[in-house]
Amino acid sequence: MQITTRHPASQYGHPVILNDAGTVLNIKDGLFLAMETLGWSRADLAEKTGVSKRTIENYFIDRGKVQVHVLNVLSDALEDLEETE
């Protein structure tokens, strides 16, 4: 999986989440997959990004656009995980 701005679906520099096959995932599915891969809970994501738990919950009910900062933190963590494997 990958979070990137180097994909045609990325708009205005906002990252998209791709599965291992390179398919763009909707934000809810992408967050679930990224967090599952990292072994993170929603509380972990909130803590590691400095975003409130309520805001994180809103991402999962399609309320509001996910902050680029949150996607960047997930992207960095996924890259770190990949390097250790």
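**Close-up views of a predicted model**

**View 1. Aspartate 62 in the loop between H3 and H4.** Aspartate 62 is found in the loop that joins H3 to H4. The model shown here and in the other views is predicted. Most residues other than glycine have a negative phi. Aspartate 62 is exposed, because its relative accessible area of 57% lies over the 50% cut-off. Still, aspartate 62 has partners from elsewhere in the chain: leaving out residues up to four places away in sequence, the residue touches Ile27 and Lys28. Between aspartate 62 and lysine 28, the C-alpha to C-alpha distance is 7.2 Å, with 34 residues separating them in sequence.

**View 2. Buried residues of helix H3.** Helix H3 spans residues 53–60, and its buried residues are Ile56, Tyr59 and Phe60. Around the helix axis they cover an arc of only 100°, so they lie on the same side of H3. The cover over these buried residues includes H1, helix H2 (42–49) and H4.

**View 3. Buried residues of helix H2.** Leu45, Ala46 and Thr49 are the buried residues of H2. Their arc around the axis is only 100°, which puts them on the same side of H2. They pack against H1, H3 and H4.

**View 4. Serine 52 in the loop between H2 and H3.** Serine 52 sits in the loop between H2 and H3. Its relative accessible area is 38%, so serine 52 counts as partly exposed. A C-alpha distance of 26 Å separates serine 52 from asparagine 19, and the two are 33 residues apart along the chain.

**View 5. The three-stranded sheet.** Strands E1, E2 and E3 form an open sheet in that order, with antiparallel pairing. Strand E1 (2–4) and strand E3 (24–25) are at the edges; each has a single partner strand, so one side of each is left without a neighbour in the sheet. Strand E2 covers residues 16–18 and pairs with E3 over two bridges, in the antiparallel sense. Across this pairing, isoleucine 17 stands opposite leucine 25 in E3. Strands of a sheet pair through backbone hydrogen bonds.

**View 6. Proline 15 in the loop between E1 and E2.** Proline 15 has its place in the loop between E1 and E2. Its relative accessibility is 6%, and proline 15 therefore counts as buried, the cut-off being under 20%. Neighbours within four places in sequence aside, proline 15 is in contact with Ile3, Thr4, Thr5, Ser10, Val68, Leu71 and Asn72. The C-alpha atoms of proline 15 and histidine 69 are separated by 9.8 Å, and the two residues are 54 residues apart along the chain.

**View 7. Tyrosine 12 in the loop between E1 and E2.** Tyrosine 12 is also found in the loop between E1 and E2. Tyrosine 12 is not a glycine, yet has a positive phi of about 55°. With a relative accessible area of 86%, tyrosine 12 is exposed.

**View 8. Asparagine 72 in helix H4.** Asparagine 72 belongs to helix H4. At 37% relative accessibility, this residue counts as partly exposed. Asparagine 72 is among the contacts of proline 15. Asparagine 72 and threonine 55 are 17 residues apart in sequence, and their C-alpha atoms are 16 Å apart in space.

**View 9. The largest pocket and its lining.** The largest pocket holds about 240 Å³ of space. Its lining consists of Met1, Gln2, Ile3, Asp20, Leu33, Thr37, Ser75, Leu78, Glu79, Leu81, Glu82 and Glu85. By class, five of these residues are nonpolar, three are polar and four are charged. At least two lining residues come from each of E1, helix H1 (27–38) and helix H4 (68–84). H4 gives the most, with five residues. Ile3, one of the lining residues, is also among the contacts of proline 15.

How values were computed
Residues are numbered from 1 along each chain as its sequence is written. This is a predicted model: local features need pLDDT of at least 70, side-chain atom pairs count only at pLDDT 80 or more; totals for chains, interfaces and linings use all residues. Side-chain values use heavy atoms; hydrogens and water are left out. Two strands pair if DSSP finds at least two bridges between them. Helices (H or I, at least four residues) and strands (E, at least two) are DSSP runs, numbered from the N terminus. On a 1 Å grid over the protein atoms alone, a cavity is a set of points where a 1.4 Å probe fits but cannot get out, and a pocket is an open set with protein on both sides within 12 Å along at least five of seven lines; lining residues have an atom within 4 Å of a point. Grid points are joined across faces, edges and corners, and a volume is the space filled by probe spheres set on the points. Ala, Val, Leu, Ile, Met, Phe, Trp, Tyr, Cys and Pro count as nonpolar, Asp, Glu, Lys and Arg as charged, and the others, Gly among them, as polar. Buried means under 20% relative accessible area, exposed over 50%, partly exposed in between (1.4 Å probe, protein chains only). The arc is that of the directions from the helix axis to the C-beta atoms. Contact means heavy atoms within 4.5 Å.
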